[in-house]
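Q: Please take a close look at a single part of this protein. I would like one connected account, with the terms spelled out.
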Amino acid sequence: ARYVINNDNSVNVLQLGALGNDVLNNTPIFKRAIDILIDGGELIFPKGVYRTSEPIFLKYSNTRLLGYGATIKPFSSWVDVLAVKGIIAIFGQSFQHIENLEIKGFKLDGTDFAGNPFLGQIAQNGIDSWYADKVRIYDNYVIGIENYGIWFSHGEDAIIDGNTVENAQEQFEIAQDVKDVIVSNNISIGGNITVNNYLAYG
């Protein structure tokens, strides 16, 4: 994997064979890209429409996902993995949180599920974060999601800023066991900005 890690500790998904052509299933390529950055780094998505059939998992600390005009669009044959519902998912463990994660600059398009209640329950969130601290979710556009635009649970020190969510049932869910979460400068289209929280945050 040495040859695909750039000098600035970044990996461009195109270097691994991904195509943003709205056709190729990039799921195995995304999995490989995440595992290459086991010690942290940046995963770069240039402009394009990248198809996937499973969530993109961020499972290692010190990882940034950067979308430069990139759209992630699941197929209607979406597979629910480990009960994770986000198109992009940060997923640590209850006994060992991951930290220093960033997701920035993506369009997450779930419109293939629009109007289909069953599929909507499978890929129901735009971005999920579970068991992670020091999380930054910036400048993303989420559309066509049946449930939550952005979900944050079981973590602390998070900033959710500058995101747009269109026509989700709930825009942002700040769920159980959270601390020091800032939700600011976000936009809702086709609904109110709703922030649900089970425990105090802020």
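What covers the buried residues of α1?

A: Some ground rules come before the answer. This is a predicted model, so local features need pLDDT of at least 70 and side-chain atom pairs count only at pLDDT 80 or more, while totals for chains, interfaces and linings use all residues. Residues are numbered from 1 along each chain as its sequence is written, and side-chain values use heavy atoms, with hydrogens and water left out.

Now the helix. The cover over the buried residues of α1 includes β1 (10–12), β2 (21–25), β3, β4 (48–52), β5 and β6. Helices (H or I, at least four residues) and strands (E, at least two) are DSSP runs, numbered from the N terminus. The buried residues of α1 are Thr27, Ile29, Phe30, Ala33, Ile34 and Ile36. Buried means under 20% relative accessible area, exposed means over 50%, and partly exposed lies in between (1.4 Å probe, protein chains only).

Take Leu43 next. Its contacts include two of the buried helix residues, Ala33 and Ile34. Leu43 also meets Val11, Val13, Leu37, Arg64, Leu65 and Leu66, once neighbours within four places in sequence are set aside. Contact means heavy atoms within 4.5 Å. Leu43 also belongs to the largest nonpolar core, which has 43 residues. Leu43, Phe45, Leu65 and Phe106 have the most contacts inside that core. A nonpolar core is a set of buried Ala, Val, Leu, Ile, Met, Phe, Trp, Tyr and Cys residues joined through side-chain atoms within 4.5 Å.

Helix α1 (residues 27–36) holds Asp35. Lys59 forms a salt bridge with Asp35, and the closest N and O atoms are 3.3 Å apart. The pair links distant parts of the chain: Lys59 sits in the loop between β5 and β6, 24 residues from Asp35. A salt bridge is a side-chain nitrogen of Lys or Arg within 4 Å of a carboxyl oxygen of Asp or Glu. Lys59 is partly exposed, at 38% relative accessible area. Asp35 is partly exposed too, at 35%.

Strand β3 brings in another pair. Glu42 and Arg64 meet through their side chains in a salt bridge, 2.4 Å from N to O. Arg64 lies in β6 and Glu42 in β3 (residues 41–45), so this pair ties together parts that are 22 residues apart in sequence. Arg64 counts as partly exposed, at 29% relative accessibility. Glu102 joins Glu42 and Arg64 in a network of salt bridges. The structure holds six salt bridges.

Stay with the strands that cover the helix. Asn62 is in the loop between β5 (56–58) and β6 (63–74). Asn62 has a positive phi of about 60°, although it is not a glycine. Asn62 is partly exposed, with a relative accessible area of 40%. Further along, Thr71 belongs to strand β6. Thr71 counts as buried, at 12% relative accessibility. Thr71 touches Gly48, Val49, Tyr50, Lys107 and Asp109, not counting residues up to four places away in sequence.

Another part of the chain gives some context. Strand β10 pairs with β13 (residues 155–161) in the parallel sense, over four bridges. Two strands pair if DSSP finds at least two bridges between them. Ile137 stands opposite Ile160 in β13. Arg136 and Asp157 form a salt bridge, their closest N and O atoms being 3.2 Å apart. This pair links distant parts of the chain: Arg136 in β10 and Asp157 in β13 are 21 residues apart. Asp157 counts as partly exposed, at 30% relative accessibility. β13 also pairs with β16 (residues 178–184) in the parallel sense, over six bridges. There, Ile159 stands opposite Ile182 in β16.

The loop between β10 (132–138) and β11 (141–143) holds Asp139. Asp139 has a positive phi of about 55°, although it is not a glycine. Asp139 counts as partly exposed, at 41% relative accessibility.

Finally, the whole chain. The protein chain has two helices and 18 strands. Of its 202 residues, 53% count as buried. Among contacts between residues at least 6 apart in sequence, 53% join residues at least 24 apart. The accessible surface of the chain comes to about 8900 Å², and 50% of that belongs to carbon and sulfur atoms. Accessible areas come from the Shrake-Rupley method with a 1.4 Å probe; for residues, only the protein chains shown count as cover.
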